[in-house]
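These are my notebook entries on a structure that I had not examined before. I set down what I looked up, entry by entry.

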Amino acid sequence: MNSSHTIRSIQDNIALVIKGKAHVIEMAVVCLLARGHLLLEDVPGVGKTTLAHSLARSLDCSFKRIQFTSDLLPSDIVGVSMFNRQKQGFEFIPGPIFANVVLADEINRTTPKTQSSLLEAMSEAQISVDNQTHPLEQPFMVIATQNPAEYHGTFPLPESQLDRFLMRLCIGYPTPEEERKVLDRPYSLHPADTLEAVLSAQEVLALQTRVDQVHMEESLTDYLLAIVQATRQSELLSLGVSTRGALGLSKAAKALAVVRGRDYCLPDDIKELAPIVLSHRVMLNRTHGMRTQSFEQAERMVLDIVETVPVPV
Amino acid sequence: MPFDQAFALSSVLLATMAFSGLVLAQSVPFWLALPMVIILMISALHAGGVHFIRRAIARVTVSPTMWNILLIGAFALLLIDLTVVSRDLLPAGIHFLVVLLAVKLLTLQQRRDYRHLYAISLMAILASAALTSDAWYVPIFLLYLITAVWTLLLYHMTQETGDTAVGHQTIPIRITRHFFWLTNGTVVLAIALTLAIFFLIPRMGAGVLQKTSGEALRATGFSDRVDLGTIGSVKQDPQIVMRVELPDQPAVDKDRLYLRGLAYDQYNGQSWTHSGTRRRSLSLVAEGTFLVRPAGSRSSNSLSGSVRQDIMLETLDTAVLFAAPFAELVSGEFLEMQADAMGGLRLPASPASRIRYSVISQAPQLAADERMASALDYPDAILAHYLQVPMASQHVADLARRVSIEATTPFERTLAIQQHLLKNYSYSLEADTATLSHPLDEFLFTRKTGYCEHYATAMVVMLRTVGIPARLVTGFLATEWNEYGGYFTVRQRDAHAWVEVYFPHSGWITMDPTPTVSTAISTSRWAPLTRFGESVRLQWDRLFVRYSVKDQLAVVHGVREGTDALRERVSRGVSLLSAPIGQTLSRLMHMVRTFHLGMLELITGVIVVGSALFLLMLRDRIALWATTHLPTSHPELAIVQLYARMLRMMERHGVRKSPAATASEFARLVEQEWKAAAPIVANVTALYHQGRFSQTPLTPGELSRAAEQVGQLQSFTHVVR
């Protein structure tokens, strides 16, 4: 299997729907290959859901969408055990989380309790209900979206929850030309529905194992750790990057190497991914109780910190 | 052996070479040499990694400030040395050098210190070159040369690898035998090549290095007519007119040497002229050698030993050639030479460039019988010519008679007149008599001060009034002996006029009534230094300029004959091959042997400077070569070194990579800042990425491609700059 060709094809496929966002698409694919979960954060209507949708459609995998509302319960996500009269016993009815790609739309609209139900699934890829553990199907990826502009009736994600997302992406407005292309499209159909799957679940798994084999030179690991250390020591931040964050960055860097057609990491991989992978894991100093910090602000801080860490020659 | 250790050792070896050069030149006193030897041994042990020495040295580290104070102390000692002890710049400077060397050896910590050490050792070896011309110097110098190149190479290599420590640990690179012989073989080859080039490549003609080569020096006093008072105008001009070597004559008087130009017989009260304007061409006895017949009649028994002079005459505006009295044989590259009736030598025209010629002169000695003879029988021709006095010289005649009244023989009369002038008149350059109507009377009776022309004129006229034939001679009086080069330096201010007195059997005897003129020459402490510099210039001329086209042609002919013969003989058999080569070689060897030893020193000096420059120019190339060809146990380092080198080159051009920028970011920066270099940087970056971060090392082909690209960039930066 020609991996770079496959990866190219999935990116091209998504690009049919999401116009002019090659970088965001690439990062989404990186996230998929790194076995990570993706948090899309942007104002409504710039294509968060469509991106998630397109990614899911491009894979020949099961896809479920959960619309997070304030009255959503954990059982609505993970499933419930119900009494089966015929079998005379409780039977587990899997919830929508049992899918390869799960779209958690407007994740901050639901209560922290319900949000937390995702924790186990996201980190261990399994669900525990009534003392029973149900493994989730691989590949498994959660794509969550949230709207930062609106705070009414929202419950900001707790740190623990945020830390479980590999990256946080911001899509941004398209340029006028790209927007025109979007408008020119026939409106009868949801654009993502027209996509055909280009990658099977097996192929995704194969690519994920390929990512594990990517070589990261020792000095690059040092570089990565130096960046992580810098976030912990920085005066700009009150909370630095966790070890899970460091691990995530390493995995993401390897995935990016695969996406770019290499079997070894470069300092650029780490440097490029650092803001995307790390900025939602840090807390800015002097936020004066402002729980929700601006995405851009955090990203800028991380960028500043990265610019102070020398790259190994 | 690891690089670092070899580097430290060879640095100490270099210092040892320089020091032994000084010791063998016998310029280092024992009290200084002994501690220095101990320090050298300690340094060598230290560099060699002997543990207890290392520990001991680590324990007794002295702060840099302390060393600086010590150095200031050493400098103060130099001053004391200079003023009190040795009273000479060269020995004092050498003592100071040795102290500096010792201090540097004990404080070798930073790379800067090593550079200083090299500079000091270079000065030391040059100083010893100045002090000696013994044969041992050649091997010492050659060893120094090879050690120097090797050390500088190691210096550079250690710097390179120090720059690019991968990760946090430096990787010790060991010197392989292959590397050692390759580099040193190259050096030896370079020396051999330099020698060959020296013998074969044509060089610039005379005077390239001379600042005065363009215009001719104005020479006063050598025209057909000499006004009294003209020489005074040049008496303070230090411009060099000629240099006179006296080869093979160690016993010659090094104080003064009269170099005769022209003689004058007619004095009209204001100026001297010569009556006999007829010149005859000299006859050739061999190619470029002219026989000068003694002008006056001389008996052979009055001749003393002959003096040979090698004269290098700067471009003058006169055609007169100078020589010690009296020239017998003149050889030089002249087609024709003329002599006038009074022994003045001339070329047909004044030479356009500096000329060299050698003269063999026979100085006439006064025969004992003539010294005693109360009356001499002068030939009529002499009397007709050399007794002429100007009108109205009655005063002078009276004075002459009064002065010589007690003398009984012509010789005593002559001496009396000379003594009178020497004792009663004072030498001064102030006396400007050129405009006076009776300068001689003015000198003798009124001012009683004057300079050589006045004295000489007075003596000639006085002698003539008492009936002794005499004439005035102009030329130069050489007094400035250059002990380094073994020659007289003659300057404009050495222009002189003196007297020749005729004795029938002995001939013309040189006499000088002028008091010692050496007072006019300033002696300063720096004079030895200037003399040294002077001698270097002469050496250059003697060894490089005078090593002439002819000599070169001889070598070229030799080589050509050899190769012609070679071509012929190839058909005859391989066994005969060695003959022409041997012939050429022996010819070369012969040339080397016949050359002065000083020449070898000079050649090697040129080699040092040349190879140093060469290395400097090529150091990037060498490092490039070394990174790609050196057998290291860490080939992945090579591309990193290349990349680091490229970064340095770019930085020199003004495109700097910030530490936090990645290689690709830098490549993009280059794209903006310097478009022409961008493709090269992009290529090297790609190779660097692969070689540095991937698991598959670069193939030698890829590596040399990277080296080639960096080399390209280098030629590029050179052109741009």
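**Entry 1: Lys64(A)**

I note that the model is predicted.

I then asked in which element Lys64(A) lies. I found Lys64(A) in strand 3 of chain A, which covers residues 63–67.

Next I listed the contacts of Lys64(A), leaving aside its neighbours within four places in sequence. The residues in contact with Lys64(A) are Pro96(A), Ala99(A) and Val102(A). For Ala99(A) I also recorded a C-alpha separation of 6.1 Å from Lys64(A), although the two residues are 35 residues apart along the chain.

**Entry 2: Chain A as a whole**

I turned to the chain that holds this strand. I recorded 12 helices and 13 strands in chain A. Chain A has 313 residues, of which 43% count as buried. I considered the contacts in chain A with a separation of 6 or more, and found that residues 24 or more positions apart account for 78% of them.

**Entry 3: Where chain A touches chain B**

How many residues of chain A are in contact with chain B? I found 18 residues of chain A in contact with 15 residues of chain B. On the side of chain A that touches chain B, the elements giving two or more residues are helix 9 (218–233) and helix 11 (267–278) of chain A. By class, I recorded 9 nonpolar, 3 polar and 6 charged residues on that side of chain A.

Methods: Residues are numbered from 1 along each chain as its sequence is written. Chains are lettered from A and ligands numbered from 1 in the order in which they are written. This is a predicted model: local features need pLDDT of at least 70, side-chain atom pairs count only at pLDDT 80 or more; totals for chains, interfaces and linings use all residues. Helices (H or I, at least four residues) and strands (E, at least two) are DSSP runs, numbered from the N terminus. Two residues are in contact if their C-beta atoms, placed from the backbone, lie within 7 Å. Ala, Val, Leu, Ile, Met, Phe, Trp, Tyr, Cys and Pro count as nonpolar, Asp, Glu, Lys and Arg as charged, and the others, Gly among them, as polar. A residue is buried if 20 or more other C-beta atoms lie within 10 Å of its own, exposed if 12 or fewer, and partly exposed in between; C-beta atoms are placed from the backbone.
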